[in-house]
Amino acid sequence: MDGYPPGSLDHNVPFLVASGLNSAEPELDLQGELSTQGQLIKSDLPPLEGREAQLLETYFEEIDARGTSWAVVPRDEPYRFRIKTVGRSYLLPPRKTIIPDSVGPPDPSATIHSPFSPLSHVSALYPDGLIDSRWIKKHQHLVPSIYACFYSLANDNRLKLDVNEIKATLARSGFKTRVAIILFGNQDSGTAVLTEEVQDRLESIRKGTALDPKSIFYIPTQESPAELKRKIDSILAILYSNAVEYYRDLGRHARKKRSRGIAPQPTIPPTSGTSHTLSLPDWNFRYDMKTAILAEFRQELDAAIRSFEQAYEILLGQDVFDIIPSWSSRWNEARQLADIISIRCLRLHLWMGHTSLAVRRWQTHRDRIGDLVDRRGQGTNTYGWQAWEARWAMVMANLMEKIEVSGLAPASMTIFLPPERAVLGERLQPWELLHHTGYWYRMAARHLTARRTLAHMIPDEDREPPESASAKSAKSTYDTYMCPPPYQENPLSGDGGVSHAQLIIDCLIASRTQFEARGQLRIVAELSLECAKEMATLGSWEEVVAILQPVWDSSSYRADNWLDISEDLCWLLRRAAKEIGRADLVVAADWELMNKKFSKRQHWRYDLSQSLDGVTIEEKPSIQLSDASSSHLISSSFVFRSKENKAGDQCLAQFTLTSNAMADSMPISFSSVKILFGGSLKPILLRHGSSGEESSFITEVALEEQFSTDGPGDLPSSLSGTCDLTIKPGEKRVFEMAFPLRESGEAEASTVVVTYEHKSFDIEYTMSFRDTDQVTGWYIKTSDRPRQLRPDARILHIKPRPPKLLVSLLESSGQYYTNETVELGVELRNEEEEPANVKLDVQLYGKSVPSFKLQVGEHERNGETGEDESKALGVPVGVISSGAVAELKLTIDPTTAPTTHDLHIQATYHLESDTATPIIQVLSLSLDLVGPFEANYDLLPRLHPEPWPSLFDYEGLHLVTEGETAAPPAKGFAQQWCLVCHYASFAMEDLTVLGMELQVVSCVGGARCTVTRQPEVAGDGITIPPKTIHEAQFDLVAQKLSLDDRHPVTLDLAFVIKWKRKTAPVDGQANVTALPVGQYLVLGTEPRVLASALYSNPTASTNMLHLDITIENPSNHFLTFGLSMEPSDMFGFSGAKQTTINLLPMSRRTARYRLLPFVQGDYIRPGLVVRDKYFQKVLRIIPTEGMKIDKDGLLVWVPGDGSKDSERGAKET
């Protein structure tokens, strides 16, 4: 849109002049004598200085920059201005034309017009022009809607005089510009803050200047620039409404002048050229145009588009455009006005979201102008029309870029926008939808190409400059609207002229960028090829390679089999690569073009060895090609004769090479062919070697195994053979080979790499076998057609050679336990007919895998332990003779938790007669490790025999001395407990328990815990049969370290059993199993009641027993308990039937009853009740030795004379 007059397409927003912020001298931006006829607005007050003035000037520049944006003004935007910052004076353009003295006094009845009017003799449109951009410039850059004056609130009288003088000057000028004043508070004059006095002064100034309340503003001293900007924003928002009213008044005035129904005459009638002046339709068009632009100033989009459309219809009607001769300069001016109106209508449609209506409007204008040019112009088959078509397509693209149409950003990946609601009911064509800018740039490039074609068809006599003697006037035969004449479009001399190729390239690149951003890769490739052709005409070879190489690498045309486009791409890329010395691309293009699917170029030698003739290279290039990135000049296939075979046997296979080269091309001699396999088959390398004889259809190749010196094993690294690898155009070569199979598994031919070596370059061409490729059959010498094989002929299943080396365990216990070292004896028995060289791989899998040790003879090998695996790989066993046995020892470290491990012992060996074929024997077994014992536990209270420490015994306190490191003795109260362990063996055999102990794992809570009694085990241990329950009792004492500590104590205990198998040697190491007992709370703060019984001497005459009731108070409170004993028929007692016991804090007391039982060998139930008198709560009596308790209360055992009764009582208690 650069060809249109400046300012004719600007986004019109209200114009504001900010006066008094600098000291700039006024100047009037007009040409000719109008620049000296301006009216000066002058003020005698000095301009503002300081930080606020500089900040406002910078901020107004930012606002003015935002005003130039073509983006639509949203409703939530408070204002949008074009702001010009000036000093204390400003020049307005003249309101009326000044009549020169040479003309004489005008007729008194004549109207003096504005110098911007076509009725004024100083206007460039005089006398019959319509309107130009200078009228728009007058309202957008010269005549402000608001004249804002910035003052410091100091001298009120001078300020009033200055404002009144400015208003008087504006009134004399004839313009309706509105005045606003912004007053800054001053710290020196005491006006920094808005007070009542300042308010009164502001009101006085307003009345003295007759200003509207919305035209005077006060800004107190601001602390920060952000606050000042917020204040200015609020002021500009108010002034914006005043500016809109200003342009509304101008619109009313324009409509009023249009409605007069007459066209005024010029001030000075024209005397030369033509006597034609503005007609009434011309006058109506002019004021419809003004009304539309003023509505755009007010951002009234609907009113603006209505006025624009009305002006457009008048302009293209029979009363305006049809009466303008096509040879007149007014013809092009009218066309330009039609373009400007249409562009402004397109912009309004896009602002309002009417995208499909905008496209229709664009097409309508193109069709109407085309019809007009066909009827009254030079027709549409000219380079000038194609130039306008290209410009018109770029107008839409530029509009979309400047407006930033929502929904068509590249990130959205949207190709076109759906139709808006206004046209949803209509049936739209695809080209009536708004597509992204790449579509419009592509259209412009096509019209530019047509422009170049038509420009090259201009006759030579029309291409000479006008000053040439032989030149012929071409003014009336060519359409030169917004394009150069023929002698400048395509000069005969060839110098200068329009660079059509560069214009096309610019459009194609812009279009390609948009299509590529949206993933439209086919069009991107097409545009890249078109762009490269244009670059080639300019000789920009590096740019040609840069834009074509991505298309070449993507292979889109090749994959879709578009041969013509692929051929053009190859020839163009080869030419460009040769010009810039890209040898790799030259060779790759020659490889591609040698394919017989392309058409043959005349007088071109298809010889791969001569590709780089004439190309300057610094070093020998190595080119990597593949069947995915280039054409299939060479195709290949590979088949196995049989479906499966065994390791150690020979396998037959055929490899086929087929040439797809041009018939007249030179043969290609490859230096080597490498066949790669997936699976257990090593690569096959065929080297070129000429035998001197004519090559046959089927060539038998002898393969040899190659061993690598750096390889880890005895297997071959590859197979190699020599044969003639020269292939003629269209020839098919079959190579038949037999090779030994060494490893078992599945092998599949995957890739073929052919290598071509020349003194100038090297090529490595890679072909991959795909599942979709057709498998060829098996060729025989008597026929050139293959016999059909199976569909998966590229796959060979190699069965392992049956091993005869036996791997077994010597002795298997069948059951393994935790905390036990597992020792396994492994036997290797060679039943082959010859010696075998054996290597062993031992792998142990599972969770928390322990390490192991493998002993082979006198050598030991420790396993490498990982997260879930422990392994020892490649352990050499040595040579085992035929029929011989080798024994190994595998020792696995103990585990602490029951688990299951998978043990894999793999013996890999080869025979001395065939060292390249490995044979594998595997022994897999599962090791289940279970716990040898399980137990349950009961922690029973016991009465501690020692007295509790006294709370008042200061002499018993332990004083810590300086430097003492030993732990202080425990001084708190103590409690005794008995841990009863019932354990059982879950083994499948008898186990021998050598010892038992109780470990205190942790004691948390400021206490000390010791085990005072443990069960004793005989020297030869205790034999524990499977699934039998045994009991062990441990006494432990827990004591607080301090008497002041009241927190409960948590005990964590472990029951440790030392054991070994019954079959284990006597001097063997014992296994230790620790069973977690769990956590118990002891030494609490709640009171408890313990019952204990003392039996009399069995020789006494009476079977008397003593029942002691001990009440413990570990709390800090004084407690009172009541004891009561009920009489019973089963015993008599001596003691208090009812009593009260008072307990001090941290103390205990014992009440004794003497009982005379009436039964023997049975239980008696004392009716004893202990009650907390404060809470009235009955306390539970805790039994100790010789007692038990049930739901009804305490039971005391009375021993009898018989041993059975005594034993029964002991077991129950």
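1. Leu951, Phe952, Phe1118 and Leu1144 make a nonpolar surface patch of about 430 Å². One of these residues, Phe1118, sits in the loop that runs between strand 45 (1105-1113) and strand 46 (1119-1126).

2. Keep in mind that this is a predicted model. The chain has a mean pLDDT of 87. Of its residues, 94% reach 70 or more. Across residues 1203-1207 the pLDDT falls below 50. That stretch has 5 contacts in the model beyond near neighbours in sequence. Where pLDDT is low, the predicted coordinates should not be read in detail.

3. Next, the domains. The assignment gives domain 1 (15-93 + 143-260) and domain 2 (622-708 + 716-799). It also gives domain 3 (805-927), domain 4 (933-954 + 968-1082) and domain 5 (1088-1198). Between the C-alpha centres of domain 1 and domain 3 there are 98 Å.

4. Pro918 belongs to strand 35 (residues 914-930).

5. Now look at the loop between strand 4 (89-92) and helix 2 (133-142), which holds Ser117. Ser117 counts as buried because its relative accessibility is 7%. Which residues does Ser117 contact, leaving aside neighbours within four places in sequence? They are Ser123 and Arg286.

6. Pro127 is also found between strand 4 and helix 2, in the loop. A cis peptide bond joins Tyr126 to Pro127. Omega there is about 5°.

7. Two backbone angles deserve a check. Gln299 is not a glycine, yet has a positive phi of about 60°. Gln299 lies in the loop between helix 6 (280-297) and helix 7 (301-315). With 18% relative accessibility, Gln299 counts as buried, since the class covers values under 20%.

8. The other angle is at Met1146. Its phi is positive, about 55°, although Met1146 is not a glycine. The residue lies in the loop between strand 48 (1138-1143) and strand 49 (1147-1157). Is Met1146 buried or exposed? Met1146 is buried, because its relative accessible area is 3%.

Definitions and conventions:
Residues numbered from 1 in each chain as written. Predicted model: local features only at pLDDT ≥ 70, side-chain atom pairs only at ≥ 80, totals over all residues. Heavy atoms only, no water. pLDDT = per-residue confidence, 0-100. Contact = heavy atoms within 4.5 Å. Patch = residues over 30% accessible without salt bridge, like charges linked within 9 Å, V, L, I, M, F, W, Y side chains within 5 Å. Areas by Shrake-Rupley, 256 points an atom, 1.4 Å probe, with all protein chains shown as cover. Salt bridge = Lys/Arg side-chain N within 4 Å of Asp/Glu carboxyl O. Helix = DSSP H or I, 4+ residues; strand = E, 2+ residues; numbered from the N terminus. Domains from an automatic or database assignment. Buried < 20%, exposed > 50% of the residue type's maximum accessible area, 1.4 Å probe, protein only.
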